[in-house]
Amino acid sequence: MRITCRLAILFLALLASVSVFAQQEQTDSLVVLLSSKSAQMVDVEGASYRKVIGPARFLHNDTYLLCDTALWNVETKIIEAWGNVSILQEETVLTSDKLTYLIDMDLAQFRGGVVQLQDKDHNTLRTRYLDYNTKDSLAVFQHGGAMRDKDGQIIESDMGTYDSKVKLFTFKEKVNMFTDSVFVKTNMLEYESDKNLATFGYGTNAWQKDNMLSSDSGWYNREKEIFFFNNNVHVMTDSQEGWCDSLYFYRNTSDVEMLGNAQVTDTTRNVFALAGRIEYLDTLSKVTLTRDPAVITETEDQQGIKDTVYLGADRLVYYTVRMCDVDSMAVVNAKGRLEVLDQDPVSAFRKKAAEEAAKAAEEAAKNDPNYRPAKKPAAKPQAKTMEPQNPKPARPESPKSESSKPETQKPVEQDAPVDSSMTDLAPLAPIALPDSLAQRSSLADSLALGDSTQVADSMAVMENIEQEPPKDTTRIGFLEALKNVRIFRKDMQVVCDSLVYSDLDSLARMYIEPVIWQEVRRQYAADSITVVISDGAMTKASLMSEAFITIQEDAELFDQIRATEMLAFFDEKGGLKRFDALGGASALFFIEENDALATVNKTDSKMLSAI
């Protein structure tokens with residue numbers, strides 16, 4: 001029994017020794033010299049080295065190490081390699097002039113010279129200080145590095161990493177990303193090469209030409225050319241400034257989409273836009289505001305009094321078009337609307353009525369027996385001498401001689417009528433006509449133009465004459481407010497279903513039950529209202545179909561005017577100075593007597609005007 005136990009103990013000890021020996025052999029066999037021109041053992045300062053002359057090829061952790069020359073310290077298990085050094089691991093390639101490979105740490109160290117790391121997609125990282133773990137497939141660089149992707153985009157930073165297993169580049173500290181038109185600066189950036197996606201971190205700033213943006217996070221999809229920024233987004237251009245919770249920038253089209261508490265300020269026109277979503281289409285120069293949008297404008301009248309105008313709706317759209325690109329029918333319609341509003345029916349009616357009254361009075365006077373027509377003033381006798389309306393300078397007289405003496409005038413026959421008014425006229429000097437032949441001779445003979453340059457010059461002149469006039473590139477603005485339109489200012493409020501404004505005619509057209517309140521007391525209503533805007537103020541309003549005006553006199557009494565159509569005229573301060581009621585006009589007025597509204601005046605007429 002004891003012998004059996006001793007044999008078992010010896011057998012286990014033998015197995016343990018064999019296991020340790022096998023493990024040692026496995027550790028030593030982790031680095032394999034696959035090929036070289038020569039290899040020999042050398043002693044350097046008491047240390048034993050294996051000197052390998054290449055091209056040499058080593059294998060460790062399924063990673064190939066290639067170089068021209070290598071010194072392998074057997075005791076410290078360190079390989080010094082130089083000359084066309086390369087590390088190949090699956091789809092990752094590192095190249096440099098030299099490296100130090102720590103076998104026990106699975107670590108390749110590159111120092112001093114430029115080292116280049118390239119993945120399967122040819123994304124290339126260059127630096128002078130890099131560590132690569134062959135077991136974890138992880139590269140760490142410091143003291144500055146730059147990566148250029150397959151499309152030419154460049155990312156640089158002070159330090160960073162590359163994880164070959166997940167295809168992830170990480171850049172930290174003073175990160176800069178360059179594209180062909182956008183520059184990004186941030187503190188941290190992750191680039192997933194397989195997804196072509198760059199993710200930004202805190203303190204991100206981006207520039208495109210003169211436009212600047214800042215945020216605390218975001219990403220860039222290189223394949224779709226889309227930038228996304230969120231968390232404290234701030235945008236600045238040469239004339240605008242904006243804020244929002246998040247922003248999309250479509251790089252191919254330069255379109256912008258702002259989301260969540262979006263606000264844009266136009267510093268050149270003192271205009272502020274607020275909305276839950278603001279969309280800008282660069283190709284159409286079109287801005288669309290949705291999700292409780294509003295536009296606020298600061299105005300100042302001629303007296304220097306400032307006011308704020310608020311415009312809100314379910315959807316606000318503003319866009320500009322070059323004048324040469326505006327639809328011709330839109331120009332014609334705008335001109336027609338202006339011509340209609342420029343008319344003054346009441347003044348025209350009064351003028352026509354006055355002319356008809358004057359004509360009727362004249363006809364009645366003719367039937368009056370006491371009527372005596374006014375005598376016409378006697379005609380003045382015609383002057384005996386006549387001067388030409390456009391006298392020409394007298395011709396120089398020739399020297400007098402006997403031969404130049406005038407002949408004796410022959411007597412006029414009795415049967416010939418004599419115009420006494422012409423008898424005193426001096427004989428008219430003959431008019432010297434220019435010699436047409438002489439003029440023709442002075443003209444250049446076009447057939448005699450042998451010089452080709454003169455012909456070319458004449459043709460160039462004709463081409464310039466036939467050229468079209470330059471196009472009018474003035475930007476024309478169009479505004480559309482749709483659903484639940486509301487306008488507020490200090491002395492005016494407006495509600496309607498929709499509103500359209502154009503710089504072509506400076507008319508604000510309101511549709512579907514529009515109502516205007518002015519100075520609280522006055523209310524204007526109609527099926528549609530057109531307002532003339534000049535210098536940011538109303539100058540004239542046209543109320544079409546079922547026009548109705550009320551003016552509050554006290555808490556319970558209101559003056560009322562109704563007509564088919566009405567025209568309201570406003571002064572410089574926006575106050576009502578005149579209105580005209582046209583077609584089936586009816587009015588109800590309260591007249592004040594002794595500081596009290598004591599009389600009601602009701603009138604009906606075809607036309608009514610009040611000042």
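Colleague: Leaving aside its neighbours within four places in sequence, which residues is L66 in contact with?

Modeller: Happy to start there, with a word on the source: this is a predicted model, where local features need pLDDT of at least 70 and side-chain atom pairs count only at pLDDT 80 or more, while totals for chains, interfaces and linings use all residues. Residues are numbered from 1 along each chain as its sequence is written, and side-chain values use heavy atoms, with hydrogens and water left out. L66 belongs to strand β4 (residues 63–73), strands being DSSP runs of E of at least two residues, numbered from the N terminus. Counting contact as heavy atoms within 4.5 Å, the partners of L66 are A56, R57, N84, V85, S86 and L88.

Colleague: Is L66 buried or exposed, or partly exposed?

Modeller: Buried means under 20% relative accessible area, exposed over 50%, and partly exposed in between (1.4 Å probe, protein chains only). L66 has 27% relative accessibility, so L66 counts as partly exposed.

Colleague: And where is L88 found?

Modeller: L88, one of the contacts of L66, has a relative accessible area of 31%, which makes it partly exposed. Its place in the chain is residues 78–89. That stretch is strand β5.

Colleague: How many aromatic pairs does the structure hold?

Modeller: A pair of aromatic rings is described by the distance of the centres and the angle of the planes. Rings of Phe, Tyr and Trp (its six-membered ring) pair if their centres lie within 6.5 Å; planes under 30 degrees apart count as stacked, over 60 as edge-to-face and the rest as tilted. On that basis, the number of aromatic pairs is 19.

Colleague: What about F227 and F249: how many residues apart in sequence are the parts they tie together?

Modeller: Their ring centres are 6.3 Å apart with planes at 40°, so this pair is tilted. F227 and F249 are both buried. Since F227 lies in strand β19 (residues 226–236) and F249 in strand β20 (residues 240–250), the pair ties together parts whose separation in sequence is 22 residues.

Colleague: Which ring does the charged end of R50 sit over?

Modeller: A charge sits over a ring if NZ of Lys or CZ of Arg is within 6 Å of the ring centre and within 35 degrees of the ring normal. For R50, the distance to the centre is 4.8 Å, and the ring belongs to W72.

Definitions and conventions. Helices (H or I, at least four residues) and strands (E, at least two) are DSSP runs, numbered from the N terminus.
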